[in-house]
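Visitor: I would like to go through this model and ask what stands behind each label.
Guide: Go ahead.

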Amino acid sequence: MGKHVQMQEDHVDIEVQGSITRARGEKTIYPTTGEEEESSAPPTAVPYMELPLSKKRRSWMVPLFVAANVVVFFVTMVVNDCPKHSGTPSKCIPRFLGRLSFQPLKENPLFGPSSSTLEKMGGLEWSKVVQQHQGWRLIACIWLHAGVVHILANMLGLVFIGLRLEQEFGFLKISILYLLSGFGGSLLSALFIQNSISVGASGALFGLLGAMLSELLTNWTIYASKCAALGTLIFIIVINLAVGVLPHVDNFAHIGGFMSGFLLGFVFLVRPQFGWVNRKKCPQGYELDSAVKSKHNAYQYALWLMALILLIVGYTVGLVVLLRGVNANDRCSWCHYLSCVPTGKWSCRNKAVYCLQIFITVLCCSHHKVPAI
């Protein structure tokens, strides 16, 4: 019949090309749940990462993970017990906190524990993983933080990125994405940084950021203002990676986490086509004339397959190379510049006691852009 029907249900506007007819095809039937309006326009794109409140899921992962990080930091400070283990109790700050007081600022300017405590609690150290077979440190290190400043920066990033992603895609997908991204960041870090301890959750946070980018790309056709959203995402990515070239910042964890999350986004964050969603919304007893026969586009399936293969190959090769004790810097003479660029103000040759995985939070208030990262 060639008419176009617009249905409004649960505050979600869906424009359908085709016709909704009786099963016997006698007359055109207009649903009583929406406004009747003829339109020749294609399905309306939605703002990037913008769904009605009725469609958003309850967030469980982000509060749980934030609480877990805070608890782990508290336990770390209890184990640290600066007055007892520092040798100079008078230099612990502030002294009234007792065993929860921080190390002297000259030792740890981030208001946190000593490097030996971080190592004891599971900080990522190459020799422990390779020579003592403590592979659990690849995951444990993403729950540790070097100080109050460090954990505040990373938890703000987790709240601003994680909440929106979890509301859109659910607890299970984003939890898996977070943990696998953190693992990928730790893996790349261990391959390149072998003389320092690395701690922090920003490898996992960069994974969420990478997943936002791949989610935008793989679902490109359904979004409005996508060029603005893409520009915002790229700007935030560049800013955060640029911070990683400072001394004592583990940019390899950032890069590894970002690459993992970028590929995982093609696997976990694929949205169905408009026509497929419209089929689900069609009232029972009616037929929807539509050319959409598949839930996803062909290019989405291709990206899903390629990303899955790259993830499996990347993790497998990385683990094999790491456990063989290979120093990746010997195979890539320039790669160390990705984590630290020497200038007249600092040198990258000094041996760092520990490296930070730290994330910079940037707020974007416009509704058609990335909400907050």
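Guide: This is a predicted model. Just after α1, aspartate 81 has a positive phi of about 45 degrees.

Visitor: Why is phenylalanine 111 called partly exposed?
Guide: Its relative accessible area is 32%. Buried would need under 20% and exposed over 50%, so phenylalanine 111 at 32% counts as partly exposed.

Visitor: Why does histidine 133 count as exposed?
Guide: The relative accessibility of histidine 133 is 67%.

Visitor: What makes the peptide bond from isoleucine 93 to proline 94 cis?
Guide: Its omega is near -25 degrees, and the bond is cis. Most peptide bonds are trans. Proline 94 belongs to the loop between α2 (82–85) and α3 (115–121).

Visitor: How do you know that the span of α1 is close to the expected one?
Guide: Helix α1 covers residues 61–80, which is 20 residues. The expected span is 1.5 Å times one less than the number of residues, so for α1 it comes to 28 Å. From first C-alpha to last, α1 reaches 28 Å, close to that expectation.

Visitor: Why are the buried residues of α1 said to line one face?
Guide: Those buried residues are Met61, Val62, Phe65, Asn69, Phe73, Thr76, Met77 and Asn80. Seen down the axis of α1, they fall within an arc of 135 degrees, so they line one face of the helix. An α-helix has 3.6 residues a turn, so residues three or four places apart point the same way.

Visitor: What covers the buried residues of α1?
Guide: The cover includes α2, α3, α6 (148–169) and α7.

Visitor: How far apart are leucine 172 and tryptophan 60, in sequence and in space?
Guide: They are 112 residues apart in sequence and 9.6 Å apart in space, C-alpha to C-alpha.

Technical notes
Residues are numbered from 1 along each chain as its sequence is written. This is a predicted model: local features need pLDDT of at least 70, side-chain atom pairs count only at pLDDT 80 or more; totals for chains, interfaces and linings use all residues. Side-chain values use heavy atoms; hydrogens and water are left out. Helices (H or I, at least four residues) and strands (E, at least two) are DSSP runs, numbered from the N terminus. Buried means under 20% relative accessible area, exposed over 50%, partly exposed in between (1.4 Å probe, protein chains only). The arc is that of the directions from the helix axis to the C-beta atoms. Contact means heavy atoms within 4.5 Å.
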